[in-house]
Amino acid sequence: MDSFSSPSSGSSPRLSAEDFMDQLKTQLAQVYAEEFLETVRGKCFDKCITKPGSSLSGSESSCISRCVDRYIEATGIISKALFSASQR
Amino acid sequence: MKSYREKFNMAGFLKYVHCISTSSALWHLFKQEKKKAMLNELVSKVTKECWDKCITDTPGSKFSSSESACLSNCARRYMDMSIIIMKRFQSMH
């Protein structure tokens with residue numbers, strides 16, 4: 001199968017097309033995960049830490065946990081609504 | 001908010017594009033990943049907007065039926081709106 005190396009340096013190891021696609025998918029997944037975490041941090045900070053105190057209260061901590069769960073759930077609901085062809 | 005092009009760049013792969021284009025099988029796979037990245041971005045953007053519109057109280061241990069209906073409706077109305085905008089824009093020529 002095809003293989004190729006970085007255009008900028010001839011000394012780097014050659015990648016098979018399969019390895020290339022695996023690496024691409026892995027690295028994209030990592031970028032998506034980091035961005036998702038950044039989003040969840042922002043949203044849950046807004047919702048749960050309204051008046052920052054000298055430490056995180058019990059209600060703030062449990063709010064954060066619930067918020068993460070709900071945000072993940074919301075992502076699923078939106079995903080389904082956008083891509084489910086049977087919905088009208 | 002990073003676009004899918006930035007995501008591909010962050011994954012360090014945009015520099016390989018001219019190499020990939022010489023292999024049609026690989027180019028096809030690469031375009032599939034690009035399409036997935038665009039869809040991921042759409043879901044991400046719509047979820048952010050609809051979360052703000054629909055989840056007004058402190059998050060609970062589950063969504064109320066009105067909250068989940070709002071999220072679902074919000075996503076569909078967003079798509080309806082996108083179509084209107086596109087048609088309107090196209091009719092301006």
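Predicted model: local features only at pLDDT ≥ 70, side-chain atom pairs only at ≥ 80, totals over all residues.
A:Arg70 and A:Glu73 bring their side chains together at 2.9 Å, N to O. The two are three residues apart in α2, and therefore separated by about one helical turn. An α-helix has 3.6 residues a turn, so residues three or four places apart point the same way. A:Arg70 is buried, with a relative accessible area of 8%, whereas A:Glu73, at 32%, counts as partly exposed.

Let me now place the helix in its chain. Chain A has two helices and two strands, in the order β-β-α-α from the N terminus. Of its 88 residues, 32% are buried.

I turn next to the contact between the chains. Here 37 residues of chain A touch 46 residues of chain B. Together the two chains bury about 3800 Å², with 74% of that area on carbon and sulfur atoms. Five residue pairs are in polar contact across the two chains. On the side of chain A that touches chain B, α1 and α2 each supply at least two residues. The largest share, 16 residues, comes from α1. By class, that side of chain A holds 19 nonpolar, eight polar and ten charged residues.

How many salt bridges are there between chain A and chain B? The count is one. It pairs A:Lys43 with B:Asp52, with the closest N and O atoms 2.9 Å apart. B:Asp52 lies in helix α3 of chain B and A:Lys43 in helix α1 of chain A, so this pair joins two chains. A:Lys43 is buried at 13% relative accessible area, while B:Asp52 is partly exposed at 45%.

Over all chains, the whole structure has four salt bridges. One of them, within chain B, links B:Glu33 to B:Lys36 at 3.1 Å between the closest N and O atoms. Both residues lie in α3 of chain B, about one turn apart. B:Glu33 counts as buried at 6% relative accessibility, and B:Lys36 as partly exposed at 47%.

Notes. Residues numbered from 1 in each chain as written. Chains lettered and ligands numbered in written order. Heavy atoms only, no water. Contact = heavy atoms within 4.5 Å. Buried area = accessible area lost by both parts, 1.4 Å probe. Polar contact = N/O pair within 3.5 Å; in protein donor to acceptor, adjacent residues only side chain to side chain. Helix = DSSP H or I, 4+ residues; strand = E, 2+ residues; numbered from the N terminus. Nonpolar A, V, L, I, M, F, W, Y, C, P; charged D, E, K, R; others polar. Buried < 20%, exposed > 50% of the residue type's maximum accessible area, 1.4 Å probe, protein only.
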